[in-house]
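Good morning, everyone, and thank you for making the time.

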Amino acid sequence: MKILITGGAGFIASHIADKYINLGHKVAVVDNLATGFRRNVNKKASFYKADIRNKIAIEIIFKKERPEIVNHHAAIAEVVKSLRDPIPTFETNALGTVNVLRAFGEYGLGKNKKIIFSSTGGAIYGQPDKIPADEKTPAVPLSPYGLSKLLGEEIIKFYSDYYGFKYLIFRYPNVYGPRQNPKGEAGVVAIFSGLMKSGQRPTIYGNGTKTRDYVYINDIINANAIALKKGANEILNLGSGKETNDKKIYYLTAKYAEFKEKPIYAPARKGEVYKIAISGKKAQKVLKWQAKTNIETGIKNTVKKL
Ligand code: NAD
């Protein structure tokens with residue numbers, strides 16, 4: 001199949017591109033390299049350095065590639081940045097998504113047309129009453145980033161219906177693994193590992209009991225591979241349902257980075273969720289998917305390869 005992947009120079013979607021190519025598909029990557037890297041792009045993929053906010057550029061690419069599947073990962077995925085300066089986040093994550101969907105509707109080709117979209121659990125559910133949060137949990141985004149991804153979901157649903165193709169929306173937990181940018185704002189395993197390897201003490205905001213649902217990249221890749229065949233017009237959490245706290249992440253990362261020092265503790269940051277995990281039960285039912293990698297194995301692999 002012909003697959004166009006947006007954001008395919010970034011952490012998650014570059015791995016998905018590798019997987020699709022290994023499965024024998026023809027892949028085109030669209031990325032403006034804002035936070036992605038050319039070196040992440042598989043050599044067998046066609047690469048377009050383009051911005052999804054640029055309607056004309058996106059149309060030209062779709063006219064040339066005529067994909068049957070679009071896997072849409074391009075986004076500004078930084079919570080703090082979105083609070084400080086929200087407009088670029090909305091422009092890329094919402095308006096850019098309109099450009100991608102319209103170009104796909106007009107120029108995509110094939111009888112199994114489908115869009116796969118990377119949304120977020122944590123940034124959409126806010127602080128849920130019940131953990132793990134399922135897909136029925138009310139959306140209460142705490143940042144323009146979360147709101148922009150929720151808008152992205154609505155845009156996907158609208159245009160999929162309008163043009164008559166299928167969609168599959170994944171709400172990701174905290175994804176971690178090789179290629180995650182240690183200099184980014186999110187991705188605590190990458191940040192801790194990057195600092196520890198250069199001999200610096202990482203900071204934990206709060207007292208170390210804050211929790212997140214961490215899922216290793218290989219599990220996320222698997223879900224995106226299954227999505228080529230299964231799942232239509234659904235929203236699915238790709239969570240493990242398990243909470244892991246900051247302290248545990250710190251000490252597991254330290255173990256494999258062979259770092260002996262203690263963390264620096266700083267006051268908790270405003271607007272951050274205290275505890276969250278998202279349930280993957282629906283994804284298990286619909287896709288027969290489950291997060292399989294345990295946190296220690298995932299961190300070990302990540303520290304080794306980062
Ligand atoms: P990333 O920053 O590594 O990847 C995003 C990619 O999009 C980058 O390569 C970047 O250059 C590209 N991009 C940004 N703006 C663009 C634009 N205007 N035009 C074209 N390309 C553009 O981040 P990631 O962690 O790989 O995240 C990928 C997707 O998954 C995002 O949509 C993000 O919202 C979503 N997500 C990630 C996580 C996580 O834990 N990493 C959690 C929830 C959702």
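Let me begin with something to count: by the rule used here, how many aromatic pairs are there? The count comes to 13 aromatic pairs, and please keep in mind throughout that we are looking at a predicted model. A pair of aromatic rings is described by the distance of the centres and the angle of the planes. Take Tyr176 and Tyr214 as one example: their ring centres are 6.2 Å apart and their planes stand at 75°, so this pair is edge-to-face, given that planes over 60 degrees apart are counted that way. Tyr176 belongs to strand E7, while Tyr214 belongs to strand E10, which covers residues 214-216, so the pair ties together parts that are 38 residues apart in sequence.

Strand E7 also brings us to the ligand, because E7 (174-176), together with helix H1 (11-22), strand E5 (114-120) and helix H6 (144-163), is one of the elements that each supply at least two residues of the shell around the ligand. Which of these elements gives the most to that shell? It is E5, with 3 residues. Altogether 29 residues surround the ligand, and the closest are Phe11, Asp31, Thr35, Tyr145 and Lys149. If we sort the shell by class, we find 14 nonpolar, 11 polar and 4 charged residues.

Now let us look at individual atoms. A backbone N or O atom of Gly10 lies 3.0 Å from an oxygen atom of the ligand, and for Gly36, too, a backbone N or O atom lies 3.0 Å from a ligand oxygen atom. How much of the ligand does the protein bury? Taken alone, the ligand exposes 810 Å², and the protein buries 91% of that.

By class, the lining of the largest cavity has 5 nonpolar and 3 charged residues, with no polar ones.

Methods: Residues are numbered from 1 along each chain as its sequence is written. This is a predicted model: local features need pLDDT of at least 70, side-chain atom pairs count only at pLDDT 80 or more; totals for chains, interfaces and linings use all residues. Side-chain values use heavy atoms; hydrogens and water are left out. Ala, Val, Leu, Ile, Met, Phe, Trp, Tyr, Cys and Pro count as nonpolar, Asp, Glu, Lys and Arg as charged, and the others, Gly among them, as polar. A residue is near a molecule or strand if one of its heavy atoms lies within 4 Å of it. A polar contact is a pair of N or O atoms within 3.5 Å; within protein, one must be able to donate a hydrogen and the other to accept it, and residues adjacent in sequence count only if both atoms are side-chain atoms. Accessible areas come from the Shrake-Rupley method with a 1.4 Å probe; for residues, only the protein chains shown count as cover. Helices (H or I, at least four residues) and strands (E, at least two) are DSSP runs, numbered from the N terminus. Rings of Phe, Tyr and Trp (its six-membered ring) pair if their centres lie within 6.5 Å; planes under 30 degrees apart count as stacked, over 60 as edge-to-face and the rest as tilted.
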